[in-house]
Amino acid sequence: IIANSGGVNAVMLALQTHRNQSYVLEYACKALAGIAEGIPDTILFSSRENICNELLTTLAYSTNMEGVVFATMEALCEFCSRDDYFDDQLFIANAVPNIVEAMAKHIHSGDVQQAGCKLLWQLSLKNNEYKQVLGASGAIQALVTALLGHITSTAVVKEALTAIKHISRISANKDALQQSEATDAIRLTIYSNLAESQVLSAALSALNDIAVDTSTHEVTSVSDETMNSVLAATRTHPSDNEVQKIACWLLRSYTFNERNLALMRSSSDELVQLLVSASSLFPEECGERADYVIQKIWLYESKLDRKPAP
C-alpha cells in the first residue's frame, strides 16, 4: 500500500533534500528497510537504480552517524536479499570500503556491527570474483574485529562467522585470513560461547572452510589450541545433532594434513570416545565421517609404530 501510494518516491525525496539532518536520513532508511520486501516488482524495477544510488550516497557521506549507518546497512541488506541488482551495484560502486570504514568507526555499536556483518555475509554469497573483492577490501579484518569486539553477542557472532565462512572459500583470501588471525578469533569465540550450540556450529563450519583450500586440495595445519577448542565444542554438546555433524566433518578435513593427525593422536583417547559417541547417537549424520577419522588416527599410529628406531 505504501509503495503503491508513492511512498518510495517520498522517501527518496527526503534522502535527497535532508542530507545534513541525521534523524531524517535514519528514519528514511528505516522506512525503506521496512517496505523493501513488500514493494511490487514493477515499482522496484523502475525505482531500484534511484533507491540504490541514494542508499550508497547516504552511506558514503554519513559514516560518522551511527544511527544512519545502521539504518542504511539494514536497508541495503533487505534490498540485496530481494534483488541481485543491488549486490552487483555495491561492487560496481566500490562500496565495500565504505562498509568497512563505517564498521571501524562504530566498533562499540552492536547494532552497526551486526548490520555490517550481515551485509558482508549477503555480499559473500555472490561469485568468487566478488569474494575476492571482499577479501582485498578489508572485509575479513572488519569481520574479525566485530567478532572479537562483540564476542558474547550471539547476533553479531553468528553473522560474522557465516560471512567469514563464505569469504574463506577461495584461495585468494587465505593469506588475508591468516594475517587477520581469523582462526584464533574463532577459537576464542568458541570458548566464550560454549553454552551456545548454534554459535559453536557456525564456528566449526567456518574453521572448516578456512582450513580447506578446494583449489589446491590442501588442508592447513592447525595449532594445538585450535584443536583443543574443537574438542571442547564437541565435548560440551554431545547430544546436539548439528554440532556433532559439523565437528565430524571438520575433524575429517583435518586428517588430510599429517601435522593435524599428530595432534589428533596426542588426544586420541578422548577424541575416539567422542567420535564413537557421535557415531552411535547420530549414525546417519556422523557415522561414516567418525569412522573415517578413527581409521586415519589408527593408521597414523600404526605407521609410527613401524618406523625403525634411530
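Let's start with one side chain: is Arg-169 buried, partly exposed or exposed, and what is its relative accessible area?

A: Keep in mind that this is a predicted model. Arg-169 comes out as partly exposed, with a relative accessible area of 39%. Its side chain meets that of Asp-209 in a salt bridge, at 2.7 Å from N to O. That pair ties together distant parts of the chain: Arg-169 sits in the loop between helix 10 (154–167) and helix 11 (174–179), while Asp-209 belongs to helix 13 (residues 197–211), 40 residues apart. The aspartate end is another story, since Asp-209 has a relative accessible area of 10% and counts as buried.

Zooming out a bit, the structure holds 12 salt bridges. Another one is Asp-83 with Arg-48, where the closest N and O atoms are 2.9 Å apart. Here too the pair links distant parts of the chain, with Asp-83 in the loop between helix 4 and helix 5 (84–92) and Arg-48 in helix 3, 35 residues apart. Both Asp-83 and Arg-48 are buried.

Then there's a local pair: Glu-101 forms a salt bridge with Lys-105, with 3.0 Å between the closest N and O atoms. These two are 4 residues apart in helix 6 (residues 96–105), so about one helical turn separates them. In an α-helix there are 3.6 residues a turn, so residues three or four places apart point the same way. Glu-101 is partly exposed at 33% relative accessibility, and Lys-105 is partly exposed at 39%. Salt bridges also join up into a network that links Asp-84, Asp-88 and Lys-126.

Now the cysteines. The disulfide count is 0, and a bond would need the two sulfur atoms within 2.5 Å. The sulfur of Cys-80 has its closest cysteine sulfur in Cys-77, and at 6.8 Å that is too far for a bond. For Cys-248 the closest one is in Cys-286, 4.0 Å away, which is also too far.

One more cysteine turns up in helix 2 (residues 22–35): Cys-29 is one of its buried residues, along with Val-24, Leu-25, Ala-28, Leu-32, Ala-33 and Ile-35. What covers them includes helix 1 (7–17), helix 3 (41–61) and helix 4 (66–82). Helix 2 itself has 14 residues and reaches 20 Å from first C-alpha to last, close to the 20 Å expected at 1.5 Å a residue.

Technical notes. Residues numbered from 1 in each chain as written. Predicted model: local features only at pLDDT ≥ 70, side-chain atom pairs only at ≥ 80, totals over all residues. Heavy atoms only, no water. Expected span 1.5 Å × (residues − 1). Buried < 20%, exposed > 50% of the residue type's maximum accessible area, 1.4 Å probe, protein only. Contact = heavy atoms within 4.5 Å. Salt bridge = Lys/Arg side-chain N within 4 Å of Asp/Glu carboxyl O.
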